[in-house]
Amino acid sequence: MTLVLLPGMDGTGDLFAPFVEALGGEFGVTIVRYPFDSRCGYPELTAVAEAALPPEGPLVLVGESFSGPIAISLAAAHPERVVGLVLGGSFARNPRPALSVLRVLTPLVGLGKVPVSVASAILLGRFATATTRAALGRAFAQVPPSVLRTRLEAVLAVDVTADLARVQAPVLYLQALEDRLVPESSGSLVKKLCPKTQMIALEGAHAILQAAPEASARAVAKFVRSIVRGD
């Protein structure tokens with residue numbers, strides 16, 4: 001059994017380190033990393049992720065935030081291999097369609113680097129530590145502003161609800177109780193389209209795998225073990 005970790009908007013995969021450590025080596029792990037190409041929206045990044053899948057064996061896809069739609073599309077496309085789908089603070093379509101402020105932000109993101117203090121407040125909130133803030137800063141420092149702008153614009157237009165409705169694998173949804181970006185309605189939509197989805201609320205901010213790596217790892221490990229047992 002291999003867990004395939006699909007990263008948040010930074011796309012580096014570096015921020016998974018605390019979560020992977022908390023898993024304790026119980027499962028094989030593959031971390032997908034996205035290219036820093038401003039031409040890559042969801043279709044292109046889904047192809048990148050698909051090419052990075054291990055060639056053999058059952059897979060559990062873990063889609064964090066931005067990558068939820070990618071994980072959903074891959075789960076729908078590979079029902080014979082994907083035996084589990086985990087969505088962490090994620091969505092199947094634009095989580096904030098009523099907030100035009102997101103559209104105003106897209107050109108601003110393209111003008112310069114996102115300050116670490118702002119990214120930390122939004123993604124980690126009061127759960128930020130010196131270590132996680134530093135890691136966040138290093139990750140986002142690698143990403144050109146034009147790439148972040150492209151990815152934000154992709155979120156505004158994404159809708160993979162048709163793919164989600166075709167997912168056959170068990171689904172686990174991790175809802176951060178202090179998520180400032182993705183509302184509960186995004187999780188409710190996943191539950192509506194996949195009624196057997198397990199919903200788990202965790203103390204933490206939007207970047208739940210970084211804000212609460214141990215609790216997230218326990219929830220994911222329990223989910224994967226249940227799949228192995230055939231529960």
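Helices and strands here are DSSP runs, numbered from the N terminus. Keep that in mind for every label on this tour. The model is predicted.

**Stop 1: the sheet**

Select the strands. Six of them form an open sheet, in the order β2-β1-β3-β4-β5-β6. The pairing is parallel. Now find the edges: β2 (28-31) and β6 (198-205) each pair on one side only. Look at how neighbouring strands sit: on average they are turned by 20 degrees against each other, direction ignored.

Next, select residues 82-88 and 171-178. These are β4 and β5, which pair in the parallel sense over four bridges. Pick out Gly 88, and across from it you will find Leu 174 in β5.

**Stop 2: helices on the sheet**

Then select residues 213-229, helix α11. This helix lies across β1 (2-6), β3 (59-64), β4, β5 and β6. It also runs at about 165 degrees to β5.

**Stop 3: Ser 65**

Go to the loop between β3 and α3 (68-77), and select Ser 65 there. Is Ser 65 buried or exposed? Ser 65 counts as buried, because its relative accessibility is 14% and the cut-off for buried is under 20%. What does Ser 65 touch, leaving aside its neighbours within four places in sequence? Show Gly 88, Gly 89, Ser 90, Phe 91 and His 206: Ser 65 is in contact with each of these.

**Stop 4: helix α2**

Select residues 42-52. The buried residues of this helix, α2, are Tyr 42, Leu 45, Thr 46 and Ala 49. Look down the axis: they cover an arc of only 105 degrees, so they lie on the same side of α2. What does this buried side pack against? Show β1, α3 and α7 (145-157) to see the partners. Now turn to the face that points away from the buried side, where the exposed residues Pro 43 and Ala 51 sit.

**Stop 5: two cysteines**

Select Cys 40, which is buried at 10% relative accessible area. Then select Cys 194, buried at 8%. How many disulfides are there in the structure? The count comes to zero.

**Stop 6: salt bridges**

The whole structure holds seven salt bridges. Visit some of them.

Start with Arg 33 and Asp 14, whose closest N and O atoms are 2.8 Å apart. Arg 33 is in the loop between β2 and α2, and Asp 14 is in the loop between β1 and α1 (17-23), so the pair ties together parts 19 residues apart in sequence. Arg 33 is partly exposed, at 44%. Asp 14 is partly exposed too, at 37%.

Move to Arg 225 and Glu 26, another salt bridge at 2.8 Å, N to O. Arg 225 belongs to helix α11 and Glu 26 to the loop between α1 and β2, so this pair joins parts 199 residues apart in sequence.

Now select Arg 149 and Glu 153, where the closest N and O atoms are 3.3 Å apart. Both are in helix α7, separated by about one helical turn because they are four residues apart.

Finish with Arg 126, Glu 178 and Glu 203, which are linked in a network of salt bridges.

Key:
Residues numbered from 1 in each chain as written. Predicted model: local features only at pLDDT ≥ 70, side-chain atom pairs only at ≥ 80, totals over all residues. Heavy atoms only, no water. Pairing = 2+ DSSP bridges. Helix = DSSP H or I, 4+ residues; strand = E, 2+ residues; numbered from the N terminus. Axes fitted to C-alpha atoms, helices over the stretch in contact; angles between N-to-C directions. Contact = heavy atoms within 4.5 Å. Buried < 20%, exposed > 50% of the residue type's maximum accessible area, 1.4 Å probe, protein only. Disulfide = S-S within 2.5 Å. Arc of directions from axis to C-beta. Salt bridge = Lys/Arg side-chain N within 4 Å of Asp/Glu carboxyl O.
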